[in-house]
Amino acid sequence: MSAPAIEVRNVTVHYGDVLALDNVSLSLAPGRIYGLIGMNGSGKSTLFKTITGMLRPDHGTVTLAGQQPALARKAGAVGYVPQSEDVDWAFPLSVRDVVMMGRYGHMGIARRPKAADKAAVAEALARVELTDLADRQIGQLSGGQKKRAFVARGIAQGATILLLDEPFAGVDKRSEGTITKLLRELAAEGATVLVSTHDLNALPKLADEAILLMRTVLLQSTPAEVLKPENLARAFGLDVTVGDAE
Amino acid sequence: MNPLDFLLEPLSYDFMVRALATSVTAAIVCAVLSCWLVLIGWSLMGDAVSHAVLPGVVLAYVVGAPFALGAVIFGFLAVALIGIVRNTSRIKEDAAIGIVFTTLFALGIVLISVTPSQTDLNHIIFGNLLGVSWADLAQVLILGAITLTILLVKRRDFTLYAFDATHAHAIGLNPKVLGAALLGLLALTAVVALQAVGVVLVVALLIIPGATAYLLTDRFSRMLVIAPVMSALAAITGLYLSYYLDTASGGMIVLVEGCIFALVYLFSPTQGVIGKRLGAMKRQRMLAAQ
């Protein structure tokens, strides 16, 4: 097995007095998709923030793509697809503008796009089948298209680690299928994909492995194993079966 | 009077030339910054910082330091105090902003009342466009040029910061530095605009142009053109109106800005309350005609 793309070791994060992550350790391999599941407040967003560098852990270390996290981020290794509710969809930017932001780390001080940047953006847009909609304002896309636009930003960036925070919330089943197929392709090319999701039914189709989070990692295993009622009950604190969770 | 004389007559006075240069510069710099402020949701912060610089400017006057230095120090002090009050008590942010900036503004007024000065420091509060000296104008032009250059060179980073700070983190940028830079530029801009419209009305120049442009386009790059053009036109129009109507120049400029906003609010083709309906009716008629 190759070196892990994301290595989280004994990470603890507090918000004031509140313990958000408690001694979390994870090792995620390249070329695989990981489903991150847990209740609201289980630390999923905190884990993402720790990986993107928004939050500095109180204890523990994060290694990304075998490097110090700051170096890996500067190299453009980390792509991030935000939750829908965290985005101002009325912001006056086109789809192309948003995808171009993936290239900023590769640009000079004024972030003036060169031919190579424009080509990378065009290629990424084609990859997610948004070429025709590239000049639309970002909020004028459907729920699924919006997600694909942000995935395209990660592709244009050349990210080898892709983090998606609840990408299927408010997205219809067909778009969910399109996005899943796209993520599977990216994983097949070697990307490490970490997806937080509430859609437990779709987990086996989407993910190679699932991670059950409840401030700490309860279980990291195959989706089938994680979805066993007795395991879900540990994370959700009540008797949940696939089909009626959330 | 023929129209050309109408435009040229005021310019035969040096003070009007200086007033025009000062107000147009202030209008442009404020307008460019306002594009980010209205999108980040920092309008109230703009209000707070532009008022809170007052004691800094007065103290700088007292010790003979550049106004910009005092303004930036008190601008950051205001932001820090707002953050402290919000984060360490149950007071919400809008109340924290209200408490901090009015207190600092009051400190400025008290300092003015005890500072003996040649020039009337009260002009800082309400502006004194017609009394701008060549030295004042030079300061406005230099500060304006510095602020505008930084804003335009780093515009893509500021837009990224406004749109998606998490992504900025993820690609190794430091959003805290970008946010602090914007606040510093806000304090500098407040100094630029003090001369034109005074502390009290600076906030109008810091919000209205960006908000107006936002109602006219879906492209940030176009907002950065529309806002300063609109604001410069408002400054020129307001100044001429104040000359011929013999009214307060700073107030007149802001009134014109507000009127342009009102027109755009009503008649913008895509966002206007009336303009949207007119557009829909026109499309229906075209469909019916086919």
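User: How far apart are the end C-alpha atoms of residues 20-45 of chain B, and what share of the span is helix?

Analyst: This is a predicted model. In it, the end C-alpha atoms of residues 20-45 of chain B are 28 Å apart, and the span is 92% helix and 0% strand.

User: What does UniProt list residues 20-45 of chain B as?

Analyst: The unreviewed UniProt entry lists them under "transmembrane region", together with other spans of chain B, including 57-83, 173-193 and 199-216.

User: How do I check the length of a helix, say α3 of chain B?

Analyst: Compare the expected span with the distance between the end C-alpha atoms. Helix α3 of chain B covers residues 43-63, and its 21 residues should span 30 Å at 1.5 Å a residue; the end C-alpha atoms are 31 Å apart, which agrees.

User: Where does α3(B) bend?

Analyst: The bend is at B:Leu54 and amounts to about 30°. A proline, B:Pro55, follows within four residues. After the helix comes B:Gly64, with a positive phi near 75°.

User: Is α3(B) largely enclosed or largely in the open?

Analyst: Count its buried residues. A residue is buried if 20 or more other C-beta atoms lie within 10 Å of its own. In α3(B), 15 of the 21 residues are buried, so the helix is largely enclosed by the rest of the structure. Now take α13 of chain B, residues 275-289. This helix has 15 residues and reaches 21 Å from first C-alpha to last, close to the 21 Å expected. The number of buried residues in α13(B) is zero, so this helix lies largely in the open.

User: Which residues touch the most other members of the largest nonpolar core?

Analyst: First the general idea. In soluble globular proteins, nonpolar side chains tend to be buried together. Here the largest nonpolar core has 164 residues, and B:Val49, B:Ala52, B:Ala71, B:Val191 and B:Leu205 touch the most other members. Helix α10 of chain B, residues 175-214, gives the largest share of this core, 25 residues. As for B:Ala71, its contacts beyond four places in sequence include B:Val53, B:Val57, B:Leu188 and B:Val191.

User: How many residues does each chain bring to the contact between chains A and B?

Analyst: Chain A brings 22 residues and chain B brings 19. On the side of chain A that touches chain B, α2 (69-74) and β5 (78-81) each supply at least two residues. The most comes from α2(A), with three residues. By type, the side of chain A divides into 11 nonpolar, seven polar and four charged residues.

User: Which residues of chain A other than glycine have a positive phi?

Analyst: Two examples will do. A:Glu129 has a phi near 60°, and A:Glu166 has a phi near 50°. A:Glu129 is in the loop between α4 (115-127) and α5 (143-157), while A:Glu166 is in the loop between β6 (161-165) and α6 (173-188). Their surroundings can be read from neighbour counts. A:Glu129 has 13 C-beta neighbours inside 10 Å and therefore counts as partly exposed. A:Glu166 has 22 such neighbours, so it counts as buried.

User: Is A:Thr61 buried or exposed?

Analyst: A:Thr61 counts as exposed because it has 12 C-beta neighbours inside 10 Å. This residue lies in strand β4 of chain A, residues 59-64. Sequence separation is a further thing to read: A:Thr61 and A:Asn10 are 51 residues apart along the chain, and their C-alpha atoms are separated by 6.9 Å.

Technical notes:
Residues numbered from 1 in each chain as written. Chains lettered and ligands numbered in written order. Predicted model: local features only at pLDDT ≥ 70, side-chain atom pairs only at ≥ 80, totals over all residues. Core = buried A, V, L, I, M, F, W, Y, C linked by C-beta atoms within 7 Å. Contact = placed C-beta atoms within 7 Å. UniProt positions renumbered as here; feature names shortened; annotations may be inferred. Nonpolar A, V, L, I, M, F, W, Y, C, P; charged D, E, K, R; others polar. Expected span 1.5 Å × (residues − 1). Bend = angle between axes of the 7 residues up to and from the residue.
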